[in-house]
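This report goes through one model, from its sheets and helices to single residues. Please keep the sequence and the structure at hand while reading.

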Protein chains: 2
Amino acid sequence: MQEMKDLIRKKGAYLGGGILKVDSFINHQVDPSFMKNCGEELARLFSEVSPTRILTAEISGIAPAIMTGLAMDIPVVFARKTKPVTMPDQVYLTIAPSHTKGINVELIVSPEYLAKGERVLIIDDFLASGSTIKGLVRLVAAAGATLVGIGALIEKEFEGGRDLLTPLGVPIESLACITHLDENGIVLKD
Amino acid sequence: MQEMKDLIRKKGAYLGGGILKVDSFINHQVDPSFMKNCGEELARLFSEVSPTRILTAEISGIAPAIMTGLAMDIPVVFARKTKPVTMPDQVYLTIAPSHTKGINVELIVSPEYLAKGERVLIIDDFLASGSTIKGLVRLVAAAGATLVGIGALIEKEFEGGRDLLTPLGVPIESLACITHLDENGIVLKD
């Protein structure tokens, strides 16, 4: 998606340690019109797999997931990282290591909103090491639902997430793919 | 907003301790089309105060804020509760007590995205005790920006947030207002 690539080139900044700063348009400040365009493009890419539900992880996954859900007219569920008091005692819970934070995070979904028979499309802001998305995949499996695709706004190809997820046999799409990232610049796949 | 009142009556559940369960349509599962309607209604209610920016708090504020921002065509900033590595060292930070969690939470905004001269509309999922919103108001003041309005999806009138915020002298709007909540039912203002 050209608009995403242009924004990464124009506003993305490399902070060292493999970290890309995109908080001016993805994970702190969001331009809703741009995010709507992203959602429409993800909806187009996954139109053939007919999802009935989108699953994402709070926090930065919410904006792209909700805009994809709007374009596809299907509900969005966001896995919580701490169990709210409104959740039942019995939940689906998995642990995913967070690469950027250096800690393990819990991903929790209520069985009320992820049921057997659902066709689930996972949407997140980043596809990097793939560990958060792999956690979401485990929640889909725990619910007896069917994973039909994985989409992300930005892929960091060099972190190997795609290799980890490819054996799942579902389409994996990203709106921009970074092949190389260092103090000399950001290299994007054409 | 009739659609919100109907959903609260149909799907809301009282869990005791003043807690209303609305996670089937607001803070765990979201219907993007319904949330878009909410955003359009909030945009209509605040059309006269001409905001240039929306401020919310992660996590459940993101969906209503982004849909309001979409309807008004203005950027959305979500205050973070933990400082990401991509944020500069110098930030606006305030502490807000969380009524439902019984703990204090940090609300953090980067000065890059909340500047002097901005006209800020605060949007959140709940207006209850008002303590989170009051925290956001302090961030607006710290940035030297101007607060122009406060909007929420659901107001819990009996928790007194509106009384706390009224002295600010800006319009305060909610899409549904709960006047009473107990095991006998949910009472909504007409």
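The model is a predicted one. The order of the seven strands is 11(A)-10(A)-9(A)-8(A)-4(A)-5(A)-3(B); the sheet is open and its pairing is mixed. Its edge strands are strand 11 (185-188) of chain A and strand 3 (29-30) of chain B, each of which pairs on one side only. Strands of a sheet pair through backbone hydrogen bonds, and the pairing can be parallel or antiparallel.

Within this sheet, strand 8 (residues 119-127) and strand 9 (residues 146-156) of chain A run parallel and are joined by eight bridges. One bridge pairs A:D124 with A:A152 in strand 9 of chain A. Helix 1 (residues 2-11) of chain A packs on the sheet, where it touches strand 9, strand 10 (172-182) and strand 11 of chain A. The direction of helix 1 of chain A makes about 25° with that of strand 10 of chain A.

## The sheet ending in strand 3 of chain A

Another open sheet of seven strands, also with mixed pairing, has the order 3(A)-5(B)-4(B)-8(B)-9(B)-10(B)-11(B). Strand 3 (29-30) of chain A and strand 11 (185-188) of chain B stand at its edges; each has a single partner strand, so one side of each is left without a neighbour in the sheet.

Strand 4 (residues 53-57) and strand 5 (residues 76-79) of chain B run parallel, joined by four bridges, and B:I54 stands opposite B:V76 in strand 5 of chain B. Helix 4 (residues 131-142) of chain B packs on the sheet and touches strand 4, strand 5, strand 8 (119-127) and strand 9 of chain B. The direction of helix 4 of chain B makes about 165° with that of strand 8 of chain B. Strand 8 of chain B is also joined to strand 9 of chain B by eight bridges, and these two strands run parallel; B:L127 is opposite B:E155 in strand 9 of chain B. Strand 9 of chain B is mostly covered, with 10 of its 11 residues buried. Helix 1 (residues 2-11) of chain B lies across strand 9 (146-156), strand 10 (172-182) and strand 11 of chain B, at about 25° to strand 10 of chain B.

## How the two chains are related

The same surface serves both copies, as 100% of the contact residues of chain A recur in chain B.

## A:H28 between the chains

Is A:H28 buried or exposed? A:H28 is buried, with a relative accessible area of 1%. The residue is found in the loop between strand 2 (20-21) and strand 3 of chain A.

Beyond residues up to four places away in sequence, A:H28 touches A:D23 and a set of chain B residues, among them B:V76, B:V77, B:F78, B:A79, B:R80 and B:Y113. B:S110 is one of the residues touched, and the backbone nitrogen of B:S110 lies 3.0 Å from a polar atom of the A:H28 side chain.

## Helix 2 of chain B

Helix 2 (residues 32-45) of chain B has 14 residues and reaches 20 Å from its first C-alpha to its last, close to the 20 Å expected at 1.5 Å a residue. B:D31 caps the N-terminal end of this helix, with a side-chain oxygen 3.0 Å from the backbone nitrogen of B:S33.

The buried residues of helix 2 of chain B are B:P32, B:F34, B:M35, B:C38, B:G39, B:E41, B:L42 and B:A43. An α-helix has 3.6 residues a turn, so residues three or four places apart point the same way.

## Two further residues of chain A

A:M1 is found in the segment before helix 1 of chain A and is partly exposed, with a relative accessible area of 22%. Leaving out residues up to four places away in sequence, A:M1 touches A:N37, A:C38, A:E41 and A:L175. The C-alpha atoms of A:M1 and A:L42 are separated by 9.7 Å, although the two residues are 41 residues apart along the chain.

A:S131 lies in helix 4 (residues 131-142) of chain A. A:S131 is buried, at a relative accessible area of 16%. Apart from neighbours within four places in sequence, A:S131 is in contact with A:A96 and A:P97. A polar atom of the A:S131 side chain lies 2.8 Å from the backbone oxygen of A:P97.

Key. Residues numbered from 1 in each chain as written. Chains lettered and ligands numbered in written order. Predicted model: local features only at pLDDT ≥ 70, side-chain atom pairs only at ≥ 80, totals over all residues. Heavy atoms only, no water. Expected span 1.5 Å × (residues − 1). Buried < 20%, exposed > 50% of the residue type's maximum accessible area, 1.4 Å probe, protein only. Polar contact = N/O pair within 3.5 Å; in protein donor to acceptor, adjacent residues only side chain to side chain. Contact = heavy atoms within 4.5 Å. Pairing = 2+ DSSP bridges. Axes fitted to C-alpha atoms, helices over the stretch in contact; angles between N-to-C directions.
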